[in-house]
Amino acid sequence: MTTFAVRPGSSRQLAGTGTLLRFALRRDRLMIPVWIAMNALMVLSMPGTLEGLYGTPAERADLIRQMETNSSLRAMVGPVFDDSLGALTAWRVGVYAGALAAVMSLLVVVRHTRDEEESGRQELVASGMVGRRASLTAALLAAAVANAVLALLLAAGLAGHGAAGALALGLGIAGVGMVFATMAAIVAQLTESARLARGLTAAVLGAAFVLRAAGDSATDDGSSVLTWVSPLGWLENLRPYADERWWVLALLAGAALLQGAVAYGLAGRRDIGMSFLPTRPGPASGRLGSAGALAWRLQRGSVLGWSIGFLLAGVVYGGMTEGAADLVGDNDNARRIFERMGGRSGLTDTFLASMTGMLGLVAALYIVASVLRLHGEETSGRAEPVLANAVGRLRWAAGHLVIAFGGAALIMLLAGLGLAAGYGKEAGPILGACLVQLPAVWVIGGVAVLLHGVLPRAAAAAWAVAGAVLLIGWVGPALDVPQAVLDVSPFGHLPKLPGGSMEWGPVVVLTGLAVVLVAAGLAGLHRRDMTT
């Protein structure tokens, strides 16, 4: 049992918090700014885009009328409460910005709590003059700093459209981030695995999105009980730029404070490294006869979660296809954005192509997370007992990479099946459109393998690469950025399916590039020393 230099219950249980906070912010000096910049750029670019799409009062009034009758699109982005540019911005990206803030926050908190305990570093820190709850406090403060900076950027950037609405939107998004930060703090006390803590908190976020979507599809004013059950629904019902409901911020603050208190209570009742839901030793069934079998055992929960999510997302996007075509209608600017994302075929095929492209961008996040599981196993010391046996480095790495690259193919296949089921048309062209995204996804995975193998201390930069590609693919077409910028992303070179012509050249080149990147990364891993 680990002993502390500070007595439980004393006023010094927060001793060392400032030092730990500075250390946490220093460690996250790349990750936090990337998440903030990606989120802020998405939100701040939207007013200009919406002004080009719905520049006249008549176009905005028509948009509101269509959203009142289009339940599938309400499920995706929520109801519209006003026709001002600020209100349309909150409608179009508010829920997604809140979800991004939530993901950023849960990653920060788990990294500086359960990750530190799982690696053994927390025990070394706790042996000094550090309070029992200092690490948890520092993690929550790091998340609070990140969300505060995001709120300030959004409030300042949108102030020209109305200071009150800008402040409400910024605080609401930051509030959602802190709700999930404190939720992650609770889950980190309950589980022994950082991976499981991230997965469970992300599952709660997914459930919050589904509840909000179900509620919004049923009503056009956000009044559904299901909407109010979700923190993302609270953000929506804050109604920035539409007679703000400032009291909704009290719900976000109250939930964050209550969950924070629960996390503090749990942290004071367990030893370092322990949890309230301990992991059972050994496999419950079957056997682990190879490095590949071990990798599958470690990553099967992640593969299952991503598979279910992509299948459901495909069903939702497929069901939206006809409604999206009706919403775009004769709006030339909206049509041009979809064409930059999905090609110049018919509007329905263009929408499907843009959605498959978006799913491919998200699949890049999966492959980075799966590849970097290698890095986590290595730095935590769990790889050493495996490699001490008759298992070579390449064989060990291959087990995880098969799951990473094969898992990407699986989730895109399931997304295609979901799209076809939701749209109710022939599955072949849609499956082909989803699978053609794989070479670009594999290139991003190859970058992660290269960084892990050659520059292991910079392996986390793979997240920045995936985030930049996601930002280019998501925001670039709406901002009408030059084609040269879009071509920086491997996704910019893929054929636009369904509807477009199949071009094998870019597919073959990207696949070959992915093979070269993986080979170079494995060569670097084979030659270098293992890190701890």
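I started with helix 3 (residues 46-53) and helix 6 (residues 85-111), which pack at about 105° with axes 9 Å apart. Helix 3 is therefore roughly perpendicular to helix 6 (65 to 115 degrees counts as such). Helices here are DSSP runs of H or I, at least four residues, numbered from the N terminus. Axes are lines fitted to C-alpha atoms over the stretch in contact, with angles from 0 to 180 degrees between N-to-C directions.

This is a predicted model; local features need pLDDT of at least 70 and side-chain atom pairs 80 or more, while totals for chains, interfaces and linings use all residues. Residues are numbered from 1 along each chain, and side-chain values use heavy atoms, without hydrogens and water.

Next I listed the contacts (heavy atoms within 4.5 Å). Met46, Pro47, Leu50 and Glu51 of helix 3 meet Leu85, Leu88, Thr89, Arg92 and Val93 of helix 6.

Then I checked the largest nonpolar core, which has 141 residues. Such a core joins buried Ala, Val, Leu, Ile, Met, Phe, Trp, Tyr and Cys through side-chain atoms within 4.5 Å. Ile367, Trp396 and Phe491 have the most contacts inside it. Helix 6 gives the most to this core, 17 residues.

Last, I looked up Ser307 in helix 15 (residues 291-328). Ser307 is buried, at 8% relative accessible area (buried is under 20%, 1.4 Å probe, protein chains only). A polar atom of its side chain lies 2.7 Å from the backbone oxygen of Val303.

Key. Helix = DSSP H or I, 4+ residues; strand = E, 2+ residues; numbered from the N terminus. Parallel < 35°, antiparallel > 145°, perpendicular 65-115°, else oblique. Buried < 20%, exposed > 50% of the residue type's maximum accessible area, 1.4 Å probe, protein only. Polar contact = N/O pair within 3.5 Å; in protein donor to acceptor, adjacent residues only side chain to side chain.
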